[in-house]
Amino acid sequence: MRIIGLDIHRAFAEAVAWEDGRLRRLGRVDMQRDLLDAFAGKLSLDDVVVIEATGNASSAAAVVARMSRKW
């Protein structure tokens with residue numbers, strides 16, 4: 001299981017993963033719908049996603065949740 005953290009900004013999110021006791025930077029995710037879809041599509045069912053509660057957070061959560069149901 002990985003814990004994925006998303007620090008949401010207006011145009012991008014900074015993504016990190018906590019796995020096996022180590023923190024790894026996943027980089028920036030552009031907040032355009034298709035690019036956020038592509039990021040969410042790389043997540044596994046075992047991943048837990050934590051999203052910073054900001055203005056764009058509800059939109060990002062909706063995309064991640066929708067993609068996770070496709071598995």
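Along the sequence the protein follows the pattern β-β-β-α-β-α, with 2 helices and 4 strands in it, where helices (H or I, at least four residues) and strands (E, at least two) are DSSP runs numbered from the N terminus. The model is predicted, with local features needing pLDDT of at least 70 and side-chain atom pairs counting only at pLDDT 80 or more, while totals for chains, interfaces and linings use all residues. Residues are numbered from 1 along each chain as its sequence is written, and side-chain values use heavy atoms, with hydrogens and water left out.

Of the 71 residues in the protein, 31% are buried; buried means under 20% relative accessible area, exposed over 50%, and partly exposed in between (1.4 Å probe, protein chains only). Among contacts (heavy atoms within 4.5 Å) between residues at least 6 apart in sequence, 44% join residues at least 24 apart.

| Residue | Strand | Relative accessible area |
|---|---|---|
| Isoleucine 8 | β1 (residues 3-8) | 4% |
| Glutamate 14 | β2 (residues 12-19) | 19% |
| Tryptophan 18 | β2 | 42% |

Isoleucine 8 and glutamate 14 therefore count as buried, whereas tryptophan 18 is partly exposed because its value is 42%. The C-alpha atom of isoleucine 8 is separated by 9.2 Å from that of valine 29, 21 residues apart along the chain.

The side chain of glutamate 14 makes a polar contact of 2.9 Å with the side chain of arginine 25, and another polar contact, of 2.7 Å, joins glutamate 14 to the side chain of arginine 28. A polar contact is a pair of N or O atoms within 3.5 Å; within protein, one must be able to donate a hydrogen and the other to accept it, and residues adjacent in sequence count only if both atoms are side-chain atoms. Leaving aside neighbours within four places in sequence, the residues in contact with glutamate 14 also include Gly5, Leu6, Asp7, His9 and Gly27.

In helix α1 (residues 33-41), the buried residues are Leu36, Asp37, Phe39 and Ala40. Viewed down the axis of α1, these buried residues fall within an arc of 160 degrees, so they line one face of the helix; the arc is that of the directions from the helix axis to the C-beta atoms.
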